[in-house]
Amino acid sequence: MYDIRLENVTKKFGDFTAVNDINFTIPKSSVTVLLGPSGCGKTTLMRMIAGLENPTQGKIFFGEHDVTNVPTRRRNIGMVFQYPVIYRNTSVRKNLELPLLSEKLSKQELDKRVDEVAEILGLTDVLKKFVEELDNGTRQKIAVGREVARQPRIILFDEPITNIDLTSKLELKRSLKELFGRLQQTIIYVTHDQTEAMTLADQIALMQDGVITQSDSPKEIYENPNSQFAGWFLGNPGMNFVPPQFISVSGSKVSSKMFSQTIDLGSKASSVDTFGVRAEGISVSPSEIKGGVKARVTRKSIGAGGQYLLDLAVENLLVKARVSHSIGRSVSENVWTTIESDSITFFDKSGKAI
Amino acid sequence: MAQLALDVKGLSKSYGNKVVLDNLSFTAAMNDFSVVCGKPGNGKSVLVRTIMGLETVDAGSIIVRGKDVAQVSAGERNIGYVPQSFALYPHYSVKENIEYPLVLSKASDAEKKEAVERVSELLRIKDLLQKKPDQLSGGQKQRVAIARGLAKSTDVYVLDDPLVGLDFKLRERLIDDLRKTQEELKVSFVYLTSDPLEALSLARTVMILANGKIVQQDSLDVVYDQPNSIASMNSLGFPEANVLPGELSGTTFTSVLGSIKVKMDTNSSKVVAGIRPEGFVVGSGSGSFDGKISLLENLGSEFAVYFNVKNTNLVTVISRTDNEALNKVKNKSTTISYKPEAVVLFDAATGMRVGQGVSHV
């Protein structure tokens with residue numbers, strides 16, 4: 001297996017720069033998710049790795065081999081698309097076997113490969129079925145299985161879950177997670193869905209306007225976003241941003257009426273412009289607390305696991321706070337909030353984390 | 001009491017032998033955000049079409065602002081409408097697209113100008129007014145479509161799943177926009193969706209649609225905490241509530257999770273239990289069992305933990321900061337317990353609530 005290395009890779013379509021001078025290494029035998037909003041360049045980047053688009057500038061290496069000008073069919077990659085690519089009017093087993101026939105394997109070896117893949121993907125019980133009998137989540141599993149069985153060195157996934165029925169999505173996610181845990185291949189997965197990315201990735205490469213703005217583990221990128229964009233994009237809701245008028249800087253000390261205590265940032269204090277805090281980083285109390293700042297509850301809604309999301313107005317600033325079901329249920333007009341220092345990320349004027 | 005925006009009574013509609021709306025009733029108040037939610041295939045589309053006058057009814061009344069419009073043509077009902085699929089006219093500018101419903105109702109130029117200003121401000125599309133639809137992103141198109149639906153100056157609007165298929169971050173933004181719009185206009189929004197997170201994010205009042213009926217109508221808090229039916233529990237909650245088959249014997253309910261004592265409000269011989277994800281606790285306690293972990297879904301602030309007990313698939317939720325629980329669920333299997341009072345019993349035939357758990361046996 002090998003790393004994939006991108007060197008100054010740029011792709012232009014006319015005046016539009018889809019991918020802008022990317023230098024990045026995708027580590028071997030791991031799952032890298034290219035995540036970002038529509039138009040960020042993630043699909044174009046993946047298509048260049050596949051050889052379906054040629055870079056306008058730059059080079060792509062698989063290990064030590066420069067593959068920039070190598071055609072797709074000679075790159076030894078597997079690809080899974082939004083819609084399952086499978087043969088109709090044939091059984092699941094035949095579908096998994098067909099891509100292997102050119103390899104002239106023994107019957108025994110052929111069966112072994114098919115059975116193994118079917119087992120990992122939970123297709124063992126449907127091997128004899130025709131694809132027409134199966135829902136589109138299972139069909140997508142077959143498409144995945146066909147690529148995996150060929151044992152390519154790299155497998156690319158282009159939003160494989162996006163167009164699958166709601167009822168099959170979870171099962172497909174489960175199978176992919178299981179599969180990724182067992183494969184040795186280098187996997188690149190493109191999606192705009194943060195939950196999918198956070199669930200499946202070893203590392204997330206977050207993209208915006210043709211560049212990779214941060215690449216880190218899901219935990220790291222969620223807890224320590226390096227930009228306001230990352231803070232906003234990850235999380236549901238995204239991070240709250242608090243503007244300069246709520247912050248005062250004196251020497252190395254940064255304080256805010258919203259903080260539980262003053263924070264010493266050393267020499268970095270002078271570049272503080274805003275701070276970010278996640279909805280769950282705001283502590284909320286239904287009754288007045290020492291050092292707490294009063295906030296008006298403007299809306300209530302419910303989120304995952306029955307927690308409440310409160311829309312709070314601190315003077316003219318609107319923030320969202322995530323609280324337990326019992327607190328959310330009981331509060332009505334006013335609450336008191338504080339923010340602990342470990343929940344705060346500072347940003348400079350350009351939106352970069354400090 | 002203030003006049004109701006919408007009062008639907010005994011609405012019925014069948015196609016041949018297939019009953020789609022079955023004596024369906026609900027009310028929507030003025031200045032409220034009401035969400036009708038239910039699984040797909042429960043009659044949502046037909047309900048929208050009958051309210052809008054695009055489909056006749058077999059029986060029942062549709063009272064808009066105190067007047068029954070069930071026999072009134074669509075054009076005269078004076079209800080704003082944001083349809084699910086939002087085909088914009090490709091040759092018209094954004095402004096012309098927004099004005100179109102007003103052109104149909106022969107509004108004056110002044111009225112059109114006022115409407116375009118109002119909705120383009122609300123949905124933040126002022127800069128886009130001169131553009132053509134093909135110059136817009138998906139989210140911008142959706143905002144234009146919503147603006148077109150809101151352009152008609154009225155006080156009752158029906159929104160049919162307008163955010164379906166949009167990506168995550170866009171939906172988050174539009175959810176805020178829609179709530180703000182309803183609050184600023186102080187009108188009645190009746191919003192239909194099959195997405196539980198959307199319902200939980202938008203609703204002040206919830207109506208649960210199941211089998212062509214509204215089975216429960218109440219505030220968001222009450223429907224969430226006191227679901228009167230398995231449909232209510234399942235349609236409103238994320239991740240979706242767990243369904244737990246089991247046997248009732250006297251006041252003991254036994255399932256794959258073991259036995260609990262229950263308190264029955266209504267007699268029932270055959271029951272099914274529901275338990276919300278937050279009814280489980282990762283770790284040992286009374287009534288604990290072994291769960292095989294099948295997937296950790298990372299939702300950001302928390303993890304949905306999917307697990308399996310004797311071939312029954314279940315889900316719970318833990319916080320990302322709960323390191324102790326997180327370490328446990330990273331294993332292949334772990335001990336999980338549950339709160340007996342989180343188990344709600346429903347009659348297997350009617351789906352209605354009949355009792356609740358009290359204690360472990």
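Two strands are counted as paired if DSSP finds at least two bridges between them. Helices (H or I, at least four residues) and strands (E, at least two) are DSSP runs, numbered from the N terminus. The model is predicted: local features need pLDDT of at least 70, side-chain atom pairs count only at pLDDT 80 or more, and totals for chains, interfaces and linings use all residues. Residues are numbered from 1 along each chain as its sequence is written, and chains are lettered from A and ligands numbered from 1 in the order in which they are written.

In chain B, strand β7 (residues 156-160) pairs with strand β8 (residues 188-193) in the parallel sense, over five bridges. B:Leu159 has B:Tyr191 in β8(B) as its bridge partner. Helix α1 (residues 44-52) of chain B packs on the sheet. This helix touches β6, β7, β8 and β9 (205-210) of chain B. Contact requires C-beta atoms, placed from the backbone, within 7 Å. The direction of α1 makes about 150° with that of β7(B). Such angles run from 0 to 180 degrees between N-to-C directions, and axes are lines fitted to C-alpha atoms, for helices over the stretch in contact. Helix α4 (residues 138-151) of chain B lies across β6 and β7, at about 165° to β6(B).

The open sheet of chain B has six strands in the order β6-β7-β8-β3-β9-β10, with mixed pairing. Strands β6 (80-82) and β10 (213-219) stand at its edges. Each has a single partner strand, so one side of each is left without a neighbour in the sheet.

In chain A, all five residues of strand β7 (residues 154-158) are buried, so the strand is largely enclosed by the rest of the structure. Buried means that 20 or more other C-beta atoms, placed from the backbone, lie within 10 Å of the residue's own. A:Ile154, A:Leu156 and A:Asp158 point one way, and A:Ile155 and A:Phe157 the other. In a regular strand the side chains alternate between the two faces of the sheet. Strand β6 (residues 77-80) of chain A runs parallel to β7(A), joined by four bridges. Here A:Val80 stands opposite A:Phe157. Five bridges join β7(A) to the parallel strand β8 (residues 186-191) of chain A, where A:Ile187 is the bridge partner of A:Ile155.

Helices α3 (residues 107-121) and α4 (residues 136-149) of chain A have axes that come within 10 Å and cross at roughly 135°. Residues of α3(A) that meet α4(A) include A:Val114 and A:Leu121.

How values were computed: A residue is buried if 20 or more other C-beta atoms lie within 10 Å of its own, exposed if 12 or fewer, and partly exposed in between; C-beta atoms are placed from the backbone. Two residues are in contact if their C-beta atoms, placed from the backbone, lie within 7 Å.
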